[in-house]
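Q: I have a new model open and would like to go through it. Can we take it piece by piece?

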Amino acid sequence: MTSPFSSIKINSLTAKNRIIRSATNDHLGNTDATVSDAQIEMYDRLARNEVGTIITGHLSVDPEISNRADIAQLSIGDDDKISGLRRIADKIHEYGALAVAQISHAGPRGLNPIDFNQLTTEEMTRIGEWFVSAAVRAQKAGFDAIQIHAAHWYLFASVLNADLNRRTDRYGVDAAGRISIVTDIVKAVRRECGKDFGIFVKINAHNTLPGVDDEDMLIEYARALFDAGIDHLEVSGMSFAKQPREAQCYFIEAAAAVKKAIPSLTVSLVGGIYSRETIERALSVVDMASMARTLLTQPDFLVKMRDEDLQKSRCIRCNKCFEIFKTKYERCIFGPVNSKLEETFAPKN
Ligand SMILES: Cc1cc2nc3c(=O)[nH]c(=O)nc-3n(C[C@H](O)[C@H](O)[C@H](O)COP(=O)(O)O)c2cc1C
Ligand code: SF4
């Protein structure tokens, strides 16, 4: 059995263990989209507690901060953000973890929602260029890799969804056209950032609205991404927040299918991993286990699992962490986990 504490090579990168902090919007950013001291404390907690690979919350690539996902999201859409983001990469590196910047466009889910079906081909291509510029900034800020966010309900997840994408240009029509918005970015980032810079992608297990019988499409997308040069694919799903509380390893069949089809691609599973048992289940079929809510509420989960035989996270998957920041100086129902919370976004009661 693969130990969660064994190291792994991800092409040019080496992660000290198999555990990933999946991208999590911490809602701790300054309202001008810059990095806060509260965030540095949060990354410190994760990194000092042995999380081997830490993916930031989604960073908006749009140069216009009014187009980001919410008022507490960070931006990577301008060179003036590089120095703040460097504080995150440096903090993560202090403890020998890999630092990965998740780059994203909120698209239909932004403060100014965009209907991507109405954008011209040139406008779509320009958004792709923002991703490439964001990757270059992430590299300048010291990150080991970027992760292109193509999961959940944001822009690229919608473009990849065969039922939502009604485009008739090169970014629509068929699976090859839909995935080309991402593969074009991957190839350009490889050219700009070199062979040793990590390129990760997060993708939905299902890319049709019914979400069944579409495994072939996921494999086709994964193969196109692999051929374009990605180093790592994280398999998630649109329905992660709607799962029953006791559900486990939500998308394990899809992730296993990708790993089986493309054995030399490093694959991780995210969603419903919150115990030693579920970590081991994930590692029985893919390379790495990613967690968001478990590490949000217990950044020291991994160390406690190793040293104190902790078996299960205290997270009850109530999903209050998506909105609690709007009304309280809290990020989880189990109370403050950060000493600088009151310096962040002022909640409205
Ligand atoms: C508060 C919160 C914020 C999140 N923000 C992001 C994000 O910025 N980018 C992303 O790809 N996923 C985000 N997610 C989804 C997680 O990365 C993960 O896919 C999902 O929570 C399922 O994993 P879990 O069961 O380990 O929580 C977020 C989840 C939560 C709970
Ligand atoms: S708010 Fe609920 S779902 Fe979110 S981390 Fe805390 S216990 Fe888990």
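Q: Does H1 pass H2 in a right-handed or a left-handed crossing?
A: This is a predicted model. In it, the crossing of H1 past H2 is right-handed.

Q: Which residues are H1 and H2, and at what angle do they pack?
A: Helix H1 covers residues 37-48 and helix H2 covers residues 82-94. They pack at an angle of about 25 degrees, and their axes are 8 Å apart. Angles under 35 degrees count as roughly parallel, so H1 and H2 are roughly parallel to each other.

Q: Which residues in H1 and H2 meet?
A: From H1 there are Gln39, Ile40, Tyr43, Asp44 and Ala47. They meet Arg87, Ile88, Lys91, Ile92 and Glu94 in H2. By class, this contact has 5 nonpolar, 1 polar and 4 charged residues.

Q: On to H3 and H5. How do their axes cross?
A: The axes of H3 (residues 121-140) and H5 cross at roughly 35 degrees and come within 9 Å. This crossing is right-handed.

Q: And which residues in H3 and H5 meet?
A: H3 brings Met124, Gly128, Phe131, Val132, Ala135, Val136 and Gln139. In H5 they meet Ile181, Asp184, Ile185, Ala188, Val189, Glu192 and Cys193. The residues of the contact of H3 with H5 are 10 nonpolar, 2 polar and 2 charged.

Q: Change of topic: ligand 1. Which residues come nearest?
A: Ser22, Ala23, His58, Ala292 and Arg293 come nearest, out of 22 residues around ligand 1. The shell divides into 9 nonpolar, 11 polar and 2 charged residues.

Q: What about ligand 2, which residues come nearest there?
A: Around ligand 2 there are 13 residues, of which Thr297, Cys315, Cys318, Cys321 and Cys332 come nearest. The shell around ligand 2 has 8 nonpolar, 2 polar and 3 charged residues.

Q: Now the backbone. What is phi of valine 173?
A: Phi of valine 173 is near 70 degrees, a positive value in a residue that is not glycine. Most residues other than glycine have a negative phi.

Q: Where is valine 173 found?
A: Valine 173 is in the loop between helix H4 (155-160) and helix H5 (175-193). It counts as partly exposed because it has 13 C-beta neighbours inside 10 Å.

Q: And aspartate 213, what is its phi?
A: Aspartate 213 has a positive phi of about 55 degrees, although it is not a glycine. Its place is in the loop between strand E9 (198-204) and helix H6 (215-228).

Q: Why does aspartate 213 count as it does for exposure?
A: Aspartate 213 has 9 C-beta neighbours inside 10 Å, so it counts as exposed. The cut-off for exposed is 12 or fewer.

Notes. Residues are numbered from 1 along each chain as its sequence is written. Chains are lettered from A and ligands numbered from 1 in the order in which they are written. This is a predicted model: local features need pLDDT of at least 70, side-chain atom pairs count only at pLDDT 80 or more; totals for chains, interfaces and linings use all residues. A residue is near a molecule or strand if its C-beta atom, placed from the backbone, lies within 6 Å of it. Ala, Val, Leu, Ile, Met, Phe, Trp, Tyr, Cys and Pro count as nonpolar, Asp, Glu, Lys and Arg as charged, and the others, Gly among them, as polar. Axes are lines fitted to C-alpha atoms, for helices over the stretch in contact, and angles run from 0 to 180 degrees between N-to-C directions. Helices (H or I, at least four residues) and strands (E, at least two) are DSSP runs, numbered from the N terminus. Angles under 35 degrees count as roughly parallel, over 145 as roughly antiparallel, 65 to 115 as roughly perpendicular and the rest as oblique. A crossing is left-handed if the near helix is turned anticlockwise from the far one by less than a right angle, and right-handed if clockwise. Two residues are in contact if their C-beta atoms, placed from the backbone, lie within 7 Å. A residue is buried if 20 or more other C-beta atoms lie within 10 Å of its own, exposed if 12 or fewer, and partly exposed in between; C-beta atoms are placed from the backbone.
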